[in-house]
Amino acid sequence: MPHVVLASKSPRRKDLLEQIGIFADVVPSEVTEFTLETEPAAVVEDLSSQKANGTLLNVLKSDKYDSIDELIVIAADTVVVNDGQVLGKPSSHDDAFHMIKALQGKTHQVYTGVTLVFLERADGKFAVRKKKIFSEETDVTVSAMTDEEIRDYADSDEPMDKAGSYGIQGTFARFIERINGDYNNVVGLPVSRVYRELRES
């Protein structure tokens, strides 16, 4: 396996990679993300590509990787979609409350877009050998919740850095009635698909 760089500060994505035996350097992207895409799959694919490009620039500016001949950049972006509306991370605890209230008692979708950039050294410099962009979708059904349950969760720290204002791997798990698709996709990285794409490259 070539050297791997993860374009994300998310400890969950780093942990998921380590779970499947991939140990990555964390080099977050510093770009301001913006997309004109409107379809959820296209949104997360575009944003993950932007993150990958931003981290790629940081890698190329660093001398840390001068002795490495092959390198892979992995970037991802996750959104929650409810009734066609894309939900990002909450801006406040009240925002989290309203997001969760909209999700409770129904099924929504979680999309994660992934970009893989394969670099090889040629004439002393890194060159992009290949770039793969893909996304996965998972249906998540949240059980009915009381306003008190929603407020207790929304006022905690757990929802504040997560798309859709919840973490399926945290205490919100008690409200997850069922999922259809990749569980890890909801956590933030569909590592089975990532592994398959790496293996086939």
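The model is predicted. Positive phi values are reported for Asp83 and for Ser165, neither of which is a glycine.

**Packing of helix 3 and helix 4**

- Two packed helices are described by the angle between their axes and the distance between the axes.
- The crossing of helix 3 past helix 4 is right-handed.
- Sorted by class, the residues of the contact comprise six nonpolar, one polar and four charged.

**Salt bridges around Asp161**

- Asp161 and Arg12 form a salt bridge through their side chains, with an N to O distance of 3.5 Å.
- This pair links distant parts of the chain, as Asp161 lies in the loop between helix 4 and strand 7 (176-180), while Arg12 belongs to helix 1 (residues 11-19), 149 residues apart.
- Asp161 has a relative accessible area of 36% and is therefore partly exposed, whereas Arg12, at 18%, falls under the 20% limit and so counts as buried.
- Asp161 also meets the side chain of Lys162 in a salt bridge, at 2.8 Å from N to O.
- Lys162 is buried, because its relative accessible area is 11%.

**Other salt bridges**

- Glu177 pairs with Arg178 in a salt bridge whose closest N and O atoms are 3.4 Å apart.
- Both partners count as partly exposed, because the relative accessible area is 47% for Glu177 and 48% for Arg178.

**Residues with positive phi**

- Asp83 has a phi near 50°, a positive value in a residue other than glycine.
- The position of Asp83 is in the loop between strand 3 (70-82) and strand 4 (85-87).
- With a relative accessible area of 65%, Asp83 lies over the 50% limit and is therefore exposed.
- The C-alpha atoms of Asp83 and Gln104 are 12 Å apart in space, and the two residues are 21 residues apart in sequence.
- Ser165 has a positive phi of about 70°, although this residue is not a glycine.
- The loop between helix 4 and strand 7 contains Ser165, and Asp161 is also placed in that loop.
- Ser165 counts as buried, because its relative accessibility is 0%.

Conventions:
Residues numbered from 1 in each chain as written. Predicted model: local features only at pLDDT ≥ 70, side-chain atom pairs only at ≥ 80, totals over all residues. Heavy atoms only, no water. Left-handed = near helix turned anticlockwise from the far one by under 90°. Helix = DSSP H or I, 4+ residues; strand = E, 2+ residues; numbered from the N terminus. Nonpolar A, V, L, I, M, F, W, Y, C, P; charged D, E, K, R; others polar. Salt bridge = Lys/Arg side-chain N within 4 Å of Asp/Glu carboxyl O. Buried < 20%, exposed > 50% of the residue type's maximum accessible area, 1.4 Å probe, protein only.
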